[in-house]
Amino acid sequence: MRFKHVPSLTPRAKELRKNMTPEERHLWYDFLRSYSVRFLRQKIIDGYIVDFYCASARLAIELDGAQHNAPEHREYDAERERCLNGWGIEVIRFSNQEIHSKFSDVCRKIDETVQERMKQTDWK
């Protein structure tokens, strides 16, 4: 699957990888980096940068800080999710608070979702 390449986003994606939030760093280093299925950080997909992306499961993971509660941000997130869904990508979101207080539940949910999506063979 080839997404539309947006070269202007590459520097921003590199910057985001280099300067992860504490919550992104925790999820990456304490779970996703050594997960059995490969995840990428700050993946550019059709003009958007997703926090984490698993191509094998067509799964994007987004970590949301408080700014995502603002109405204009919710609209942007909804549009972005529609675009990603159009590519067959499921988006799961976790709040920063969930990363802090329910980390094992977050990891379990990610694992369950990856395993379920990997069973689907329509895109493989």
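**Figure 1. Buried residues of helix α5 in the predicted model.** In helix α5 of this predicted model, the residues Phe103, Val106, Cys107, Ile110, Thr113, Val114 and Arg117 are buried. Seen down the axis of α5, these buried residues fall within an arc of 130°, so they line one face of the helix. Their packing partners are α2 (22-30), β3, β4 (90-95) and α4 (96-101). The helix itself covers residues 103-119, 17 residues in total, and its first and last C-alpha atoms lie 25 Å apart, which is close to the 24 Å expected at 1.5 Å a residue.

Figure 2. The side chains of Asp105 and Arg108 meet in a salt bridge, with an N to O distance of 2.7 Å. Because Asp105 and Arg108 are three residues apart in helix α5, about one helical turn separates them. Asp105 is partly exposed, with a relative accessible area of 40%, and Arg108 is likewise partly exposed, with a relative accessible area of 44%. A salt bridge also joins the side chains of Lys119 and Glu116, here with an N to O distance of 4.0 Å. Lys119 and Glu116 are three residues apart in α5 and are therefore separated by about one helical turn. Lys119 has 61% relative accessibility and so counts as exposed, whereas Glu116, at 43% relative accessibility, counts as partly exposed.

**Figure 3. The hairpin formed by strands β1 and β2.** Strand β1 (residues 40-45) pairs with β2 in the antiparallel sense, and five bridges connect the two strands. Within this pairing, Lys43 stands opposite Val50 in β2. The two strands form a hairpin with two residues between them, and in its turn Asp46 has a positive phi of about 50°. Strand β2 (residues 48-54) is mostly covered, with seven of its seven residues buried.

**Figure 4. The hairpin formed by strands β2 and β3.** On this side of the view, β2 is shown with strand β3 (residues 59-64), to which it pairs in the antiparallel sense over three bridges. Tyr53 stands opposite Ala60 in β3. Four residues lie between β2 and β3 in the hairpin that they form, and Arg58, in the turn, has a positive phi of about 45°. Strand β3 is also among the elements against which the buried residues of α5 pack.

Figure 5. The side chains of Arg80 and Glu62 meet in a salt bridge with an N to O distance of 3.1 Å. This pair links distant parts of the chain, as Arg80 belongs to helix α3 (residues 71-86) and Glu62 to strand β3, with 18 residues separating the two in the numbering. Both partners are covered, Arg80 being buried and Glu62 being buried as well.

**Figure 6. A network of salt bridges.** Side chains of opposite charge can pair when their charged atoms come close. In this view, four residues, namely Asp64, Asp77, Glu81 and Arg93, are linked in a network of salt bridges. A search of the whole structure finds nine salt bridges.

Notes
Residues are numbered from 1 along each chain as its sequence is written. This is a predicted model: local features need pLDDT of at least 70, side-chain atom pairs count only at pLDDT 80 or more; totals for chains, interfaces and linings use all residues. Side-chain values use heavy atoms; hydrogens and water are left out. Buried means under 20% relative accessible area, exposed over 50%, partly exposed in between (1.4 Å probe, protein chains only). Two strands pair if DSSP finds at least two bridges between them. The expected span of a helix is 1.5 Å times one less than its number of residues. The arc is that of the directions from the helix axis to the C-beta atoms. Contact means heavy atoms within 4.5 Å.
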